[in-house]
Amino acid sequence: MQLHSAILPVLAVLAARALGIPMPDASQDESLGKQLWMSTPETTQPPAGIPANYALQPARRAQPPSGAHVAAPKDRDTTDEFAHIARFDKATDLHARAPGYQNQTATIKGIVSALDPNQQSALDGGNPLAFKSKTHPYTPNTRLFDQSKFKLPLPTNRWWLNLMIEQGADPIHPYPYVVKCMQNASSVGFPRFNIDQAHVTSDQPADWTVGDGNQALTQRKVTGADALGVEVTWTGSSGAQMCSRFYKGMAFQTFEMQNMAPRLTTIHAVLKVEQLTRAVLSAQEDAAQVQRDVSDMPLMTKVTLNDGSQWLVTSKPGITWQQQGSSTLQPQNINGSYTGFVQLAHLGDQPANNINVLQRYAGTYPTAGAVTYAQVQGSDGTGRSSNVVFMYQTNTAASSDSTHVYNTSSVSTTMQLLSFVLPHHADHINGTSILSNGLSGYRCAKGPLTAVAGNLISYNQPLQQRPGFAGPGALADSDKSQLQQQLLRDAATSTNVTAEDPYFFGKGAAKVARLYQIAQEVGDATTAAALGKKLVALLTPWLVAQSNSDPLVYDSTWGGVVSTLGISDPSLDFGQGRYNDHHFHYGYFLYAGAVLAKYDVNAFAPLREPLSQLLRDYANPSASDAQFPFMRHFDPYDGHSWAAGLFTFADGRNQESTGEALNAYYAAYLYAQALGLQETAEFYEIILNMEAASGRRYWHPTRAQAAQLYGKPFVHNAVGILWSSKADYVTFFGANPEYVYGIQMLPFTPASGMLIKQDWVREAWCPDNSTCADGMKPAAQSASKNGWAQFLYTAYALVDRNAALDNAAACTPDDGNTLTNTLHWIYTNQQLAIDSN
C-alpha cells in the first residue's frame, strides 16, 4: 500500500462528498476558497563555540549549528537525477463509501478550513523569481527517496528529515518511540530519559530490529509523506517488501510485509514468549461495546526482555513466534514467505493494565494523515478560538475500504486508532476521545503522553487578542513625551545598519522599522518620513538591486531563497544556506516590509514581490506552489517550528529561539493584514497562536510545570533548546541564564505579550538567589547592564514598571533593539503591571 503524498485533497474530497458539500473551483480567488480543505506538509554535546556576545556585535558567525554532521558537497552528476522532479502528484479522484460519517455530520461540518492550502496563494502573483537562480552544491541524496513521489520544492525541515539527508543513518522520533531505518531493516526503541540540571537526554535504544530472515531486503527509500507522517519502503529480491508509515503518537509501530520471512531481533535477551489466547476485554469491561469478531483480530504475543521491559507483538495473519537463541524471534508456523503485518508496542510502566488497552486496538494503524486549521470562531473579547484537527485514514476502515476516515460509534470502538497526544493537546482536546482507563508510562522529551482513541483528533486552540502594529495599550501623555524625546535620539544615532549577513542585517532593518512604527504612533510625521526613507534605503540593495555583499539567491536544487555565502559554505550565515533558521532571519525582513506596506504603499511597491517570496520561503500557505514548500518550518503535531534545516542530528530536530519564531509569524500576520489578505492573515494568526502556546508550554514553563514535563532536577523557568528527544538548559552560544531567558523573548514587539506572561515573569524573577540561582533577577544582575539584561528588565515591567524602567534605561541595547523600543514596550504594557500591584 502506498502512502498518498498528496492525501489532503483526497480526505477533503471524500469528506465533502459524504456530506454533500460543493468543492471549490481552484481558480477562485482567496475570498472564495473556504470549504472542507485540509492543509498539507510536511547525542549532541552542549553547543559551544558561538561567541558570548552573540547578538551584541554584528559580526558574521562562522560556524554551523553545533553537533551538525556537515559533509562535503556530494560529487554527483545530477542532470538525469532531477530530470523528472517537478511537484507532488495530485491525488486521484476517489469515490467514497463512507457510512461512518453519518453520525459525525455535525463534527465534520465544523471543520471549515481557514484557508484552502491547495489553491495558489494570494502571496504568489505569478511573477518571475525576484532573485537570481543558483544550483546548490549540496545535492539531495536521491538514493534515499522515491523521485516520483517527491518533486521540487523538496522538504528541508520536516521532523523525519534525517531519513532523507546525508546517508539517512540518524534516527527519527515518532513519539514515544525512536526509529532507525537501515538499508535492510528497521529498529524500534523505547527511549529511557536521563535527567540532570542542565539536560534531559534519552538513550535512544534499538530495542528491536525488524527485518527479513532470508536477508532478502536490500534497499530502503522514503516513498511518501503527508502533513503528519512519512512512509518508508524496503525492497529486495524475490519480491520481498516491507513498508512502514511513521506518525508521532502512535501506540504501535507497524510494518506491512510482502513475500518475507519475518524476523525480530533484540539487543536484550528474551526471557519469555507468551502467545495470548484470552479475550480482548477483561470481565470489568462492557462486552456490548465490542462488535469485533475474534477472527478479525491479529494474533498477539507478549515478550519479556531481560532489561525488565515487556512488549506486545501482534501480527495478521497470525504468527506463532519461536525463540531462536537468546535474542531472536522467528515464525514457527510460516512455511515460505509471509504477507501481512507485524506490530510492536511497549507495555509501559504498568504492563498488566496497559496490555488490556493495547489489545483492544491492536491491528489498526494509520495509512495517511491530514491536518486542518479550522476557521476562527468568536470575536475579540468573547473567546476566539480555532479547532486544530488531525485526521487519519486507517487500514481498518468500514467495508474494508481504506479510502476514507471514520470515527463514529456505529463502527466498533476496537477498530479505531489508538494514539497519544502531547500535553498542549491534552490541555484543550475536544470531545471524549481521551481514554478513561488509559495507558501509563509513555512520554517523550516534551513530557507525559496521553492516550486517545479515534481517527479524528481535535483540540481547541484559544486565540489571544489580535496583535497589531501598535502596542497593546494606549500611551499616557507623560510617557508619550519621554518616548518622543528618546525617539529623536535613536533616529539620529541607531539607524546605521552595517551587518552583511541576512540575520544581523534583518535585525537591524527591523530595528529601524520599529522606530518608524513608533514615530507613526506618536504622530511625529517628520521623523517618520525620515525613518521610512532610511528603511527603503536599507532594504533596496538586498531585495531589489541585490547589490549587497552577500546577495540572496534562489536555490533551484531544493527550492528556496538562501544567501550566496550560505549556499557555498554551510558554516557561514548560521547555516542558512542549508535552510537553518530561515523563519528567524526572514521574519525580520517581513516585519520591516509589513510596516512599510502599512504606511507607504508607493515606497513598498518595488519591494513587494521579493518580500512576498521571502515569506513564501519560510511560511508558504500554499501546498501547490512550484517554487517553495508548504510551511517550511512549522510542525502541526508539535505546534511549533523546527529550525535545523539540512543538518542531521541524532537527537532529531531542534528549535532554540521561540521569541524569533513568534516574530516570524507575527510578521507574516502583519504583512498579510497590510496587503488586505484577510484569509491569509487569519491562517497566520492561528499559526502564531499555536507557536506562542507551545512556546509557553514547553520553553516557558512554571517550575511546577517543568517538574511535570521534564522531571527533577531539570526544573527551570526556561528551556534553551528543545529537541525531538531532549531538552537543554543551554543555548547554541552559551549556558548563561540571561542567554537562556533572553533568546526565548527577543525581539520585543507588540506580539511579545503572547509569549511573555506576567505570572511566568513573576515566578521566574525569583529574587531569592538561594532559592533559584538561575532566576531572571540574578541573571539580569550578572549580565552587567548589556542587551541581555535589558531584555530581562523589559519583561519585568509586567510585574514592576518603575523598577523595570530604571534598570532597562541603564542598559546598552542589543544591536537589534533601541531604548525607544524598550520604553515603548514598557509604556504600552503598563496596565498589567498596574493591575498586579
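Colleague: Cys444: buried or exposed?
Modeller: Buried, as the relative accessible area of Cys444 is 4%. The cut-offs are under 20% relative accessible area for buried, over 50% for exposed and partly exposed in between, using a 1.4 Å probe and protein chains only. This is a predicted model, where local features need pLDDT of at least 70 and side-chain atom pairs count only at pLDDT 80 or more, while totals for chains, interfaces and linings use all residues. Residues are numbered from 1 along each chain as its sequence is written, and side-chain values use heavy atoms, without hydrogens and water.

Colleague: And Cys243, buried or exposed?
Modeller: Cys243 has a relative accessible area of 4%, so it is buried.

Colleague: How many disulfides does the structure hold?
Modeller: It holds 1 disulfide, meaning a pair of cysteine sulfur atoms within 2.5 Å. The pair is Cys766 and Cys772, with the sulfur atoms 1.4 Å apart. Cys766 counts as buried because its relative accessibility is 10%, and Cys772 because its value is 4%.

Colleague: Change of topic. Which residues have the most contacts inside the largest nonpolar core?
Modeller: Trp160, Phe246, Leu358, Leu543, Tyr618, Tyr710 and Tyr741, in a core of 223 residues. A nonpolar core is a set of buried Ala, Val, Leu, Ile, Met, Phe, Trp, Tyr and Cys residues joined through side-chain atoms within 4.5 Å.

Colleague: Which helix gives the most to this core?
Modeller: Helix α6, residues 502–522, with 12 residues. Helices (H or I, at least four residues) and strands (E, at least two) are DSSP runs numbered from the N terminus. Another core, of 6 residues, lies apart from the largest one and includes Phe647 and Phe732.

Colleague: What is Leu358 in contact with?
Modeller: Neighbours within four places in sequence aside, Leu358 contacts Ala251, Phe252, Leu312, Ala345, His346, Leu347, Leu418, Leu439 and Tyr442. Contact means heavy atoms within 4.5 Å.

Colleague: How do helices α19 and α20 cross?
Modeller: The axes of α19 (residues 801–809) and α20 (residues 819–828) come within 11 Å and cross at roughly 175°. The two helices are therefore roughly antiparallel to each other. Axes are lines fitted to C-alpha atoms, for helices over the stretch in contact, with angles from 0 to 180 degrees between N-to-C directions. Under 35 degrees counts as roughly parallel, over 145 as roughly antiparallel, 65 to 115 as roughly perpendicular and the rest as oblique.

Colleague: Which residues make the contact?
Modeller: On α19, Arg801, Ala804, Leu805, Ala808 and Ala809; on α20, Leu819, Thr822, Leu823, Ile826 and Tyr827.

Colleague: Where are the cis peptide bonds?
Modeller: One joins Leu152 and Pro153, with omega about -5°. Pro153 sits in the loop between β1 (133–134) and β2 (178–181). The bond from Lys712 to Pro713 is also cis, with omega near 5°, and Pro713 is in the loop between α14 (703–709) and β30 (721–723).

Colleague: What about phi at Gln204 and Met631?
Modeller: Gln204 is not a glycine, yet its phi is positive, about 50°. Met631 also has a positive phi, near 40°. Most residues other than glycine have a negative phi. Gln204 is in the loop between β5 (199–202) and β6 (208–212), and Met631 in the loop between α11 (608–619) and β27 (634–635).

Colleague: Is Met631 buried or exposed?
Modeller: Met631 counts as buried, because its relative accessibility is 2%.
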